[in-house]
Amino acid sequence: MKFTELKTDIKEGARNIYLLEGDDAYFRMSGEEMIKSAFVQMPELNFTSFDGEALKGSAITNLTSALQSVPFMSERRVIKVTNFYPTESEYENHLKKIFEDFPDTGILIIVNSESKKGVDLKRKKCVNYVDCSRADEETVAKWAYLTFKRAGVYASVDACTAIARYCLCNMSRVALEVEKLIDYKKQGELSRAEIDELVYKDTDYRIYEMTNAVSRRDFDTFVQIERELCRKEGDETSLLSGLFSYFKNLLTILSSDDGDAKLSELLKMKEYGVKKSREQARAIGGERLKKFVSAVYSAISGIKSGLTVPANALQLVNNTIFFE
């Protein structure tokens, strides 16, 4: 199930094993808190956590023993294990029996930031997988809109979508920015201009804006964003590295025959991001992208070899992009 479905699922009753897995820390943390608040009474006595890195081989018995412990004056006992990636043999030898015949008095929450080699827990029938991957733009914007509304602040869908984009749909950042905006506004209508002024735009989003300026041949906007990033980051080399990575991904997407889903996995991007990048890449063109990748790579190499200074290298890249 998606994270957004977890609240409704909890209302229908407890599950034995929850696997909260994905790259969004806010979803993982919020999912854990929802489960605990719904099913744990006296958490100081009926909640225990383990570090999965320490549960290897026979040490897994520490976890299984805890799962078999009787709760104290409560219906259930909840056990959490973080970063838990058992091997196939560890699952068969230590976990299979208790997972498939789980104690009625126990709930296990497994919190993993990513999938790793080993047994694929989310494919086990006894495990309830909650997808905590970064949400799409529409879902994040809807969350921001409803959160504002509950606090007595009105923000348009367009404004909430802007927050999602500026934060690259990272819910940890979105939640902080929304909280900051509610504290600032208190109540009433929150304008797009206020959001543009107050919400910090992620560096990757600013680079996305820069490449949009490239496709439009908008030199003034490109340089304005470039100066802002250099002022905030204080490092032209980091900006050049970001541009190199971005142009290289655009060229990869444009050159590949693979679909959005496969490229999303390969490049570690959301499918929506792949789609938008493909639009950018087509607007710029394959030959120009090859020239940009080569120019930025040469600039970074020149800095590392001492042939040029970062400011000059960045200026050479600008000239290549707009004037050659």
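Tutor: Tyr166 is buried, with a relative accessible area of 2%. The model is a predicted one, and in it Tyr166 belongs to helix α7, while Tyr205 belongs to helix α10. Tyr205 is buried too, at a relative accessible area of 10%; the cut-off for buried is under 20%.

The two tyrosines can be taken together. A pair of aromatic rings is described by the distance of the centres and the angle of the planes. For Tyr166 and Tyr205 the centres are 5.1 Å apart and the planes stand at 65 degrees, so this pair is edge-to-face.

Now the helix around Tyr166. Helix α7 covers residues 157-166 and is mostly covered, as 7 of its 10 residues are buried. Besides Tyr166, the buried residues are Ala159, Cys160, Thr161, Ala162, Ile163 and Ala164. An α-helix has 3.6 residues a turn, so residues three or four places apart point the same way. The cover over the buried residues of α7 includes helix α6 (137-150), strand β6 (153-155) and helix α8 (171-185). Helices α9 (192-198) and α10 (203-216) are also among the elements that cover them. Just after α7 comes Leu168, which takes a positive phi of about 55 degrees.

The structure holds 13 aromatic pairs. One of them joins Tyr26 and Trp143, edge-to-face, with 5.9 Å from centre to centre and 75 degrees between the planes. Tyr26 is in helix α2 (residues 25-39) and Trp143 is in α6, so parts 117 residues apart in sequence are tied together by this pair. Trp143 is partly exposed, and its relative accessible area is 25%. Tyr26 and Trp143 also belong to one aromatic cluster with Phe3 and Phe27.

Rings take part in another kind of arrangement here. The charged end of Lys36 sits over the ring of Phe47, 4.2 Å from the ring's centre. Lys122 lies over the face of Tyr129, at 5.7 Å from the ring centre.

Cys126 is in none, and the nearest cysteine sulfur to its own, that of Cys132, is 18 Å away. For Cys132 the closest cysteine sulfur is in Cys169, at 15 Å, which is too far for a bond. Cys132 counts as buried, at 0% relative accessibility.

Strands β1 (residues 17-21) and β4 (residues 106-112) run parallel and are joined by 5 bridges; Glu21 has Asn112 of β4 as its bridge partner.

How values were computed:
Residues numbered from 1 in each chain as written. Predicted model: local features only at pLDDT ≥ 70, side-chain atom pairs only at ≥ 80, totals over all residues. Heavy atoms only, no water. Buried < 20%, exposed > 50% of the residue type's maximum accessible area, 1.4 Å probe, protein only. Helix = DSSP H or I, 4+ residues; strand = E, 2+ residues; numbered from the N terminus. Contact = heavy atoms within 4.5 Å. Phe/Tyr/Trp six-rings, centres within 6.5 Å; stacked < 30°, edge-to-face > 60°. Lys NZ or Arg CZ within 6 Å of the ring centre and 35° of its normal. Disulfide = S-S within 2.5 Å. Pairing = 2+ DSSP bridges.
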